[in-house]
Number of protein chains: 2
Amino acid sequence: MATISDVAKLAGLSVSTVSRVINNSPHVSVKKRSLVESAMDQLGYVPLPAARQLRGSKTNTMAVTIPRIVNPFFSYLVDAIEQRLDEAGYSTLIVQTFSRPEEELTALNLLKNQQVDGVILCSIENPWSVIGNYTKYGKIVLVNEYLKDDIKVPTIRANQYDGFYRATNFLFEKGYKKIAYATGRKSITFVKRGENFDADRFAGFQDSLNEHGSGFSHDWLFTSAHTAEDGKTILKQIMSLQDKPDVIIAGSDEVAMGILQEAEVEKVKVPEELGVLGVDDQPVSASLRVPLTTIKQPVNEMGQEAAKAMLKLMAGETISKEEILKLKIIERASV
Amino acid sequence: MATISDVAKLAGLSVSTVSRVINNSPHVSVKKRSLVESAMDQLGYVPLPAARQLRGSKTNTMAVTIPRIVNPFFSYLVDAIEQRLDEAGYSTLIVQTFSRPEEELTALNLLKNQQVDGVILCSIENPWSVIGNYTKYGKIVLVNEYLKDDIKVPTIRANQYDGFYRATNFLFEKGYKKIAYATGRKSITFVKRGENFDADRFAGFQDSLNEHGSGFSHDWLFTSAHTAEDGKTILKQIMSLQDKPDVIIAGSDEVAMGILQEAEVEKVKVPEELGVLGVDDQPVSASLRVPLTTIKQPVNEMGQEAAKAMLKLMAGETISKEEILKLKIIERASV
DNA sequence: TTTGATTATGAAATCGTTTCCACAAATACA
DNA sequence: TGTATTTGTGGAAACGATTTCATAATCAAA
């Protein structure tokens with residue numbers, strides 16, 4: 001491995017000059033510059049990242065946190081982010097948090113340890129009182145989820161309240177009366193809009209319910225629903241209920257698929273006996289046995305905007321704190 | 001950010017001693033050791049990776065290359081790898097190559113630049129003559145695909161020849177006679193077993209064909225098939241054929257899904273008019289409109305074995321060069 | 001005791017860069 | 001023409017760790 005001084009020696013110049021060429025800073029004569037350049041590619045020289053980092057310069061790496069990469073919503077989100085970052089010459093470090101706060105801290109510590117220039121959080125596992133401390137070490141951007149605190153970090157997200165409000169209205173228009181609700185959260189203790197991601201969804205749902213004078217049974221709330229397996233369990237639970245809902249907002253397409261699968265097994269007709277509304281619009285949702293009606297998240301847009309925001313931040317620009325995109329209802333056959 | 005000398009100062013000792021404690025090398029008295037330890041967590045000290053790397057020690061990071069993260073086969077593979085690596089204290093850098101040789105080199109250069117301790121290649125975009133050069137910079141493990149050259153790097157893969165041979169036999173048993181074949185490769189110019197991943201698949205297919213005295217029309221070969229979109233195109237092409245196949249091996253579940261989708265649109269009955277055999281067994285394949293019969297890849301096993309192999313390599317153990325797992329035919333309804 | 005090995009500790013060199021500082025040469029301004 | 005600025009260049013310090021080397025203290029064997 002050639003070092004900077006090998007290059008300097010070959011070019012007959014000082015390491016300082018070589019370094020100036022590498023970082024193309026001014027005050028280098030054209031003659032010497034080309035001398036250095038030819039020496040560099042003669043030796044196949046590439047600066048050692050660790051050494052540059054040690055001096056406190058850029059790492060040209062970004063961390064992106066997601067709960068799990070096998071969740072298509074997040075793999076597409078990451079994909080969109082990475083694409084943009086790539087164009088700008090950054091490499092991307094994907095960190096799976098598995099929804100564990102400690103793992104999120106691992107990612108944030110990369111900032112502290114100068115291993116990355118910034119981190120893009122696609123989910124939030126720690127309170128702002130913890131995350132906020134890391135802003136002094138590097139740039140942070142929030143995507144998808146958000147924090148209600150008065151924070152200074154750019155946030156790119158979709159309007160979950162509006163989307164769920166409209167979606168619930170849509171269900172009423174379709175003639176449904178008894179709407180069940182599934183979510184990934186462990187519990188829904190908050191119902192005020194503007195608290196966070198899940199609260200917004202639930203608030204939108206509730207507001208529509210109230211406007212339609214519709215009741216909501218506690219039996220119709222299903223928490224900790226993440227996987228298709230969870231979906232299957234939910235369907236079984238629904239069918240064992242005295243007072244059954246006639247439609248369910250599944251929280252995610254994955255859960256919706258599980259519900260659909262188990263409905264097939266249990267011979268429950270969708271959408272006649274039970275409507276199923278997904279969330280996300282995964283690529284496969286259209287080719288399910290019963291094509292899934294779903295609330296589409298603007299994944300690509302969010303990813304791209306998040307990357308853009310981060311890049312602007314890196315360029316020292318100040319940017320608007322919040323960008324709110326719109327959810328879209330994709331009507332197919334399951335509702 | 002506290003440095004090692006801050007710790008040394010607080011503990012009233014030299015940096016050497018602190019370093020010894022950090023790397024728990026011998027010859028440190030219990031008393032001083034605990035002195036250093038309390039100083040360390042009093043300051044919240046964490047060694048700066050860049051500085052350690054500069055001295056040539058471990059990075060505790062592994063790179064994993066995959067064509068694309070949104071491909072579920074690879075996201076599950078990565079997931080399995082990362083899980084194991086995580087347990088061993090390594091973090092994982094996921095590099096998407098988009099099937100471009102240059103991007104694969106980017107990943108291999110991480111080795112050269114001492115940014116990672118090893119790289120796990122889940123696909124192969126460069127010849128061994130290129131990849132082999134990097135073994136001197138760090139450890140390399142091949143998963144999923146393989147190279148026929150006499151290489152020294154551990155390879156974990158599935159027996160594609162055997163799987164496709166059995167799958168084709170299975171189609172004949174089912175009464176199919178005219179079998180089409182789709183693949184992601186740009187062309188199939190090799191048909192000899194043992195050349196590579198795709199050749200093995202095709203050879204297994206061909207051998208079964210020959211044994212059954214069955215012909216193969218060039219019109220029934222579809223190349224560059226990656227996405228569901230490609231699958232849709234393929235179905236249209238098939239339907240425009242004079243001499244139509246009665247079943248197709250789709251190359252991947254994604255392509256199979258596209259075929260299924262378009263078959264729905266074109267009112268082609270599956271499996272009556274056209275059988276569709278997928279490859280991979282993605283989680284959703286079971287809940288498609290027509291549940292997909294598919295050749296299941298041992299993704300989890302491969303990922304775990306690959307990670308294990310890498311860890312053994314890092315520990316200085318020599319390991320058997322090749323581990324070959326078995327493909328499994330999952331029978332559902334599309335064939 | 002004396003000698004030799006082992007253990008515990010610190011000083012200083014080292015890794016490969018960037019950047020501050022010094023200084024000379026060239027250019028601009030009066 | 002003299003002074004002030006700009007441009008070009010190299011030397012050396014700095015970044016934060018690890019590691020080699022030297023030395024002092026302790027222990028074991030004679």
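Student: How close do the axes of helix 8 and helix 9 of chain B come, and at what angle do they cross?

Tutor: They come within 7 Å and cross at roughly 35 degrees. Axes are lines fitted to C-alpha atoms, for helices over the stretch in contact, and angles run from 0 to 180 degrees between N-to-C directions. Keep in mind that this is a predicted model: local features need pLDDT of at least 70, side-chain atom pairs count only at pLDDT 80 or more, and totals for chains, interfaces and linings use all residues. Side-chain values use heavy atoms, leaving out hydrogens and water, residues are numbered from 1 along each chain as its sequence is written, and chains are lettered from A and ligands numbered from 1 in the order in which they are written.

Student: What makes the relation between chain A and chain B that of a two-fold axis?

Tutor: Chain B superposes on chain A by a rotation of 180 degrees with 0.0 Å of shift along the axis, RMSD 0.2 Å. In chain B, the C-alpha of B:R289 is nearest the axis, 1.3 Å from it.

Student: How do you know that the copies meet through the same surface?

Tutor: 100% of the interface residues of chain B are also interface residues in chain A, so the surface is the same.

Definitions and conventions
Copies are superposed by least squares on the C-alpha atoms of residues with pLDDT of at least 70 in both. Contact means heavy atoms within 4.5 Å. Helices (H or I, at least four residues) and strands (E, at least two) are DSSP runs, numbered from the N terminus.
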